[in-house]
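Dear colleague,

Please find below the structure I am handing over to you. My notes on it come after the display.

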Amino acid sequence: MATLLLFTPGPETSPDVLPALGLLDHHVRVLPTDAAAVPRAPVADLWLLDARRDLVAARALCRSLAAAAPVPVLLVVAPDGLPVLTEAWGFDDFVQTGVGPAELQSRIRLLLAAGRDGEVVTTAGLVIDEGAYAARLHGEPLDLTYTEFELLKFLAQHPGRVFSRQQLLNDVWGYDYYGGTRTVDVHVRRLRAKLGPEHEALIQTVRNVGYRLVPPASDSAPSSGSAD
């Protein structure tokens, strides 16, 4: 299961844009097609762009996405939009709105395989291999669930930065997640248990704010947070 970010201009769900997507086991986040929001887009494995209607705006946003980060871009286009597609758009692949779930899954899998040559995040004794979906702490493998892995990876990608529970819900669980912030506390507690007593303080609680992962340089420095 991958994390997909869908940019669409209307207040629609992902199955409204691409019906086959509702039949696949992926975590889909939905954002409006606003170029100004691209630099602040949540972490995702694949970006989907709804180009069914406004092709001019879709082309501009597609080029912004392609320049923003090394994340594969999958274009969703209606049949009458096919003649205007060119390599200048900057997308990695496209599907038509009527694509079946088997073909869609195959295209997503191929894009992820091509785009994940393996970002490896290393900090505070952690080695997180996004391509292999594996995490190690001082050489020892960590047995993490999908959400635990995504949460640890996100914190490790921003060492020392404090995130509120709501920010973590938005960036790890997605904007379309309707659960409460209490789920963040539960997952942090589980992560700390898997890190073990010697290393559970890697994830600090900053009182009245949220959580952060302690960067290596601050391991011995005074902290404003606690590991409770």
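The model is predicted, so local features need pLDDT of at least 70 and side-chain atom pairs count only at pLDDT 80 or more, while totals for chains, interfaces and linings use all residues. Residues are numbered from 1 along each chain as its sequence is written, and side-chain values use heavy atoms, with hydrogens and water left out.

Helix α5 (residues 165–173) and helix α6 (residues 182–195) have axes that come within 9 Å and cross at roughly 80°. The two helices are therefore roughly perpendicular to each other, a term that covers angles of 65 to 115 degrees. Axes here are lines fitted to C-alpha atoms over the stretch in contact, and angles run from 0 to 180 degrees between N-to-C directions. In α5, R165, L168, L169 and W173 meet T183, V184, D185 and H187 of α6, where contact means heavy atoms within 4.5 Å.

Strand β12 (residues 210–213) pairs with strand β11 (residues 203–206) in the antiparallel sense over 4 bridges; pairing requires at least two DSSP bridges. Strand β10 (residues 163–164) also runs antiparallel to β12, joined by 2 bridges. Helices (H or I, at least four residues) and strands (E, at least two) are DSSP runs, numbered from the N terminus. G210 in β12 is the bridge partner of S164 and also of V206. In the hairpin of β11 and β12, N208 takes a positive phi near 65°.

With kind regards

Technical notes:
Parallel < 35°, antiparallel > 145°, perpendicular 65-115°, else oblique.
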